[in-house]
Amino acid sequence: MALDAGLVGRSYPPSAVYEVGREKIAEFATALGDPDPVYRDAAAARAAGHPDVIAPPTFAIVLSLGAGNAVVEDPEVGLDYSRVVHGEQRFTHHRPIRAGDRLVATAVIDAVRTVAGNDMLTTRVDLATEDGEPVCTTHSMLVARGTA
Amino acid sequence: MSPRPVDVAVGTELPEQVSRVTRADLVRYAGASGDLNVIHWNERVAREVGLPGVIAHGMLTAGLAARAVTAWAGDPGAVVEYSVRFSRPVVVPDDADGAELTVRGRVAALLEDGRVRVDLTVTSGGEKVLSLARAVVALG
């Protein structure tokens, strides 16, 4: 079943606050095999001009995956998750994510289209501090193979 | 040290990065990212859904590719934009060597305010696995 074009603009309630921990950043950097001290050592991060350790550029996926689940699981969207693959991903950093950030993720459906029998759904997730400072915007495009 | 904008031109190449991805790396990334999709660790299920075998998380491939940019930029915080398009799965065999991933990059455009666009070519076994991988980096 093709996705309904009327879904564009559909928004979801803000997530609970996610507090970015030093250990989580270090764990993520280690999973990428990245030894950069700016991910682990606050002094190294300060020397690079940051107030605390920062997260790798793709760390925001941890939060955007969680927020995006609200869209994927929305019965009104009706995505067949068993046929879904990740098509595209974009991160726009307004500033680096850093340890101690208390972030709220808000998801909105940005685009739907159907190409060659595949449904494509793009979700935008805005990450901001709980005080409203924009930190990162992610766009995730999922492809449901052969469902249209 | 970060490259200075004055030393960077269209065509400037980033150092090539070669890494290996094993099943253990997939398990570690699954835990760190929270992406527990079974196709990244269970051969039986991967084959049942029509894949040639266990495949790497797209975002693990993208994250490894981004390392080539952050290492070159000096400060990972200088990466202000990063986008990827996944074109081909990276199949990770159940052995000690895993899959190889090669990342090449070059400066494709000089933008305003000392920003540059870097285009990456990411291959595994000679095949492109990302059909688009671009970063915008704010240099010094």
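Helices and strands are here DSSP runs, with at least four residues (H or I) for a helix and at least two (E) for a strand, numbered from the N terminus. The model toured below is predicted.

**Chain A as a whole**

Select chain A first. From the N terminus, its elements follow the order β-α-α-α-β-β-β-β, amounting to 3 helices and 5 strands. The C-alpha trace spans about 55 × 35 × 20 Å along its principal axes. Of the 148 residues in this chain, 36% count as buried. Among contacts in chain A with a separation of 6 or more, 72% are between residues 24 or more positions apart.

**The strands around β3(A)**

Next, select residues 102-115 of chain A, which form strand β3. Strand β1, at residues 18-19 of chain A, runs antiparallel to β3(A) and is joined to it by 2 bridges. To locate this pairing, display A:Y18, which stands opposite A:L103.

Moving to the turn of the hairpin, one finds 2 residues between the strands. There A:A116 adopts a positive phi near 50 degrees.

**A buried leucine in a loop**

Select A:L79, in the loop between α3 (61-72) and β2 of chain A. Is this residue buried or exposed? A:L79 counts as buried because it has 20 C-beta neighbours inside 10 Å, and the cut-off for burial is 20 or more.

Show its surroundings next. Apart from neighbours within four places in sequence, A:L79 is in contact with A:V72, A:V84, A:L121 and A:A144.

**Across to chain B**

Finally, bring chain B into view. The contact between the chains takes 26 residues from chain B and 26 from chain A. On the chain B side, α1 (23-33), α3 (58-73) and β2 (79-86) each supply at least two residues. The residues of this side comprise 12 nonpolar, 8 polar and 6 charged.

Which strands are joined across the two chains? Strand β2 of chain A, residues 84-93, runs antiparallel to β2(B), with 5 bridges joining them. End the tour at A:E88, which stands opposite B:R85 of β2(B).

Technical notes. Residues are numbered from 1 along each chain as its sequence is written. Chains are lettered from A and ligands numbered from 1 in the order in which they are written. This is a predicted model: local features need pLDDT of at least 70, side-chain atom pairs count only at pLDDT 80 or more; totals for chains, interfaces and linings use all residues. A residue is buried if 20 or more other C-beta atoms lie within 10 Å of its own, exposed if 12 or fewer, and partly exposed in between; C-beta atoms are placed from the backbone. Two residues are in contact if their C-beta atoms, placed from the backbone, lie within 7 Å. Two strands pair if DSSP finds at least two bridges between them. Ala, Val, Leu, Ile, Met, Phe, Trp, Tyr, Cys and Pro count as nonpolar, Asp, Glu, Lys and Arg as charged, and the others, Gly among them, as polar.
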